[in-house]
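I opened my notebook today to look around a structure and jot down what I found. Come along and follow my entries.

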Protein chains: 2
Amino acid sequence: MLIRYSKIFLMQEAILVMDEKPRNRVSLKDLANHLGVSKTLVSAVLNGKAKQYRISEETALMVKQAANELHYSPNMIAKGLRTGNSQLIGLIVTDISNPFYSTISRIIENKTDEINYKVIFGSSDESLVKTRQLIDVMLDKGVAGLIIVPCEGSQGLVADLHSRNIPVVLIDRYFPELEVSYSCLNNYNATRQATIHLIEQGYRNISLIAYKSSLSNIKDRILGYRETMVAHALGKHVNVKSVNIDNPLPEVEKALDYLIHRKGAEAVIFITNALLVAGLRSLNKLNKRIPDDVAVVGFYGSELFDLYYSPITYVKQPIEIITEEAVNTLIDKIKYGENRKFSKTFIEPELVIQQSSVKPASTGCN
Amino acid sequence: MLIRYSKIFLMQEAILVMDEKPRNRVSLKDLANHLGVSKTLVSAVLNGKAKQYRISEETALMVKQAANELHYSPNMIAKGLRTGNSQLIGLIVTDISNPFYSTISRIIENKTDEINYKVIFGSSDESLVKTRQLIDVMLDKGVAGLIIVPCEGSQGLVADLHSRNIPVVLIDRYFPELEVSYSCLNNYNATRQATIHLIEQGYRNISLIAYKSSLSNIKDRILGYRETMVAHALGKHVNVKSVNIDNPLPEVEKALDYLIHRKGAEAVIFITNALLVAGLRSLNKLNKRIPDDVAVVGFYGSELFDLYYSPITYVKQPIEIITEEAVNTLIDKIKYGENRKFSKTFIEPELVIQQSSVKPASTGCN
DNA sequence: CTGAAAGCGCTTACAG
DNA sequence: CTGAAAGCGCTTACAG
């Protein structure tokens with residue numbers, strides 16, 4: 001084995017002396033010349049248009065065989081330039097290193113693989129400027145369409161894309177004022193379910209910790225909680241604390257301290273994964289036990305939460321379904337044009353109930 | 001606001017009647033015509049070659065202004081076809097939804113952004129076939145180079161890339177028999193440090209749980225443990241259990257049961273994050289407390305492990321440094337050719353010591 | 001200082 | 001059934 005590779009290196013060095021970049025790709029022209037036919041013919045056969053061009057089966061077979069033998073593989077850049085389709089789609093998320101978004105990326109990868117598209121991604125970090133830059137670069141690269149987790153204030157960018165008839169689908173968040181397709185969790189129902197569950201467990205004084213944000217997902221989550229509380233005549237216990245999106249820990253700690261000690265909170269809903277992590281840290285620091293001192297419901301649980309001393313109840317997002325819907329919509333748009341139809345999708349959440357929200361020595365349902 | 005967007009939609013519909021795809025990008029030609037100059041001139045100016053072509057400053061300024069006003073932005077596909085550089089780099093990881101690899105992706109994104117490259121990614125799922133397909137597709141898309149987490153048995157593919165003089169850098173794993181650049185953790189030292197730490201804590205009967213794999217990172221981790229044990233005259237306590245890479249949970253459980261009950265293991269090192277998670281689940285099930293019944297050291301900790309009832313000691317990978325080194329090497333190769341230099345980099349790990357590996361009622365160091 | 005022309009590797013009317 | 005030619009939007013010798 002070792003010897004074999006050494007050999008390759010020796011050969012390689014020899015080649016290098018002659019030519020710095022021996023990227024010996026065989027082109028359509030090479031193939032055509034080799035066979036003594038025209039590029040048109042080869043192109044037609046290799047694109048499965050032999051029938052349409054009424055090319056004889058023998059000829060077609062000959063071309064295909066040669067293509068295999070010579071390891072011909074089409075230059076997608078040239079193809080893209082000619083057809084205007086690079087077989088690339090752009091994905092703009094908040095941060096690819098966030099497991100939620102990397103999971104979305106993976107699902108998009110799987111779905112687009114089937115139709116031979118590749119994904120180029122970018123992280124916006126919730127920045128409008130970065131989002132704009134990413135969109136521009138991706139368009140320059142010739143993406144056929146975009147899937148975007150839109151940041152706050154990016155309505156204009158998205159509307160612009162739409163008005164230029166560029167296929168775009170929003171995911172995770174949407175803009176109610178825009179007629180741009182999206183696929184999201186039903187965030188209203190998510191906190192609604194969480195709240196009802198806590199009420200059924202016998203909790204009354206239920207608080208919610210959120211982000212300061214005008215994004216649809218955040219607003220809907222707050223609304224779902226608030227309206228459910230009011231509907232159960234618990235309006236007087238509605239307490240929403242909104243913290244800054246970056247470095248939420250100190251604010252969360254202060255909020256929890258306040259909610260528990262001043263407001264008598266018996267249960268807290270954390271509406272994002274990062275808030276939950278900050279919340280658990282804070283509760284440890286405040287020496288509060290879950291669920292004995294305070295019940296907890298989170299969002300989008302990591303499997304590690306199952307290992308917590310008090311496994312955490314959380315709102316599960318059917319990410320796979322949400323994402324697949326977005327991809328399907330995008331593919332549809334790429335095929336038939338952006339403005340053909342406007343698809344809004346809300347996927348229902350699932351509440352995974354674990355120990356953290358179950359009332360100890362349960363007093364039963366109300 | 002709402003009204004403004006409605007208006008846009010109405011206009012849009014009007015346009016649509018006339019033309020299905022009004023992608024009104026302005027091209028170099030458009031710009032040249034608009035200005036009454038040649039494409040050559042415009043191209044030179046916009047590529048910062050005004051000086052080189054001795055173009056007057058006024059002319060250059062005029063061109064730049066017009067480019068801004070008309071929102072000209074170069075078609076990278078055309079540019080890529082002509083120059084043979086698509087400003088794209090390919091990233092092949094095991095699974096982009098794995099936080100370790102998505103973190104790598106993010107760092108690569110940041111680094112390549114600086115030089116205006118975009119990343120297309122693909123997940124190999126440790127499959128040779130998928131790896132081959134991904135490489136082919138990415139090459140077809142014209143990537144300027146590749147960063148690869150190579151799966152088992154992919155030496156041939158990597159060597160082939162190298163011999164075709166395609167810039168490639170391996171990350172996380174390497175093939176000692178290939179002269180292909182890589183950037184990895186010093187895995188030997190990682191388990192070495194972990195083992196020494198446990199020995200210093202007074203543990204003697206230390207086991208290790210690994211994957212069945214011939215990959216360098218796995219082999220080095222096992223070796224680091226084994227040799228350190230032997231060096232401390234603990235060879236008789238060397239116990240390595242290797243489980244299957246997919247669905248490790250049942251095997252890990254069986255292994256732990258055996259190691260603890262038959263072999264009297266006092267401490268266990270889990271050499272990947274997934275193994276650690278499986279290990280914690282299993283220990284819970286076996287009713288073993290950490291570190292009282294058994295001490296634990298893991299790899300690449302999630303911040304959630306800090307929240308565990310017994311915060312987990314783990315080997316921290318300086319992912320940022322490892323990745324940046326890989327990117328720098330790749331960029332270098334893209335600029336100067338793959339075979340210019342062969343860079344092997346091992347980054348030193350850092351052991352983050354927490355409660356899970358600290359001997360209770362400590363008997364001190366040996 | 002500036003422009004006409006060729007060509008990157010494809011596809012697609014068009015002509016035969 | 002098959003091929004010559006144009007053209008996608010760029011860059012780069014080359015000529016002036």
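Here are my notes, taken from a predicted model.

**Entry 1: one valine.** I began with Val315(A), which I found in strand E10, residues 313–316 of chain A. Is Val315(A) buried or exposed? Its relative accessible area is 1%, and buried means under 20%, so I wrote down that Val315(A) is buried. I then listed what Val315(A) touches beyond four places away in sequence: among them are Leu185(A), Ala190(A), Phe299(A), Tyr300(A) and Leu351(A). I also looked up Val149(A), 166 residues away along the chain; its C-alpha is separated from that of Val315(A) by 20 Å.

**Entry 2: a sheet in chain B.** Next I traced an open sheet of 6 strands in chain B, and its order is E7-E6-E8-E9-E10-E12, with mixed pairing. Which strands stand at the edges? They are E7 (239–243) and E12 (350–352) of chain B; each has a single partner strand, so one side of each lacks a neighbour in the sheet. On average, neighbouring strands are turned by 20° against each other, direction ignored.

I zoomed in on E6(B), residues 206–211: 5 bridges join it to E7(B), and the two run parallel. Tyr211(B) stands opposite Val243(B) in E7(B).

Helix H9(B), residues 187–200, packs on the sheet, and its direction makes about 165° with that of E9(B). Helix H10(B), residues 216–231, lies across E6, E7, E8 and E9 of chain B.

**Entry 3: two copies.** Lastly, I checked how the chains relate. A rotation of 180° with 0.0 Å of shift along its axis superposes chain B on chain A, with an RMSD of 0.1 Å. That is the relation of a two-fold axis. In chain B, the C-alpha nearest the axis belongs to Ile120(B), 2.2 Å from it.

Note on methods: Residues are numbered from 1 along each chain as its sequence is written. Chains are lettered from A and ligands numbered from 1 in the order in which they are written. This is a predicted model: local features need pLDDT of at least 70, side-chain atom pairs count only at pLDDT 80 or more; totals for chains, interfaces and linings use all residues. Side-chain values use heavy atoms; hydrogens and water are left out. Helices (H or I, at least four residues) and strands (E, at least two) are DSSP runs, numbered from the N terminus. Buried means under 20% relative accessible area, exposed over 50%, partly exposed in between (1.4 Å probe, protein chains only). Contact means heavy atoms within 4.5 Å. Copies are superposed by least squares on the C-alpha atoms of residues with pLDDT of at least 70 in both. Two strands pair if DSSP finds at least two bridges between them. Axes are lines fitted to C-alpha atoms, for helices over the stretch in contact, and angles run from 0 to 180 degrees between N-to-C directions.
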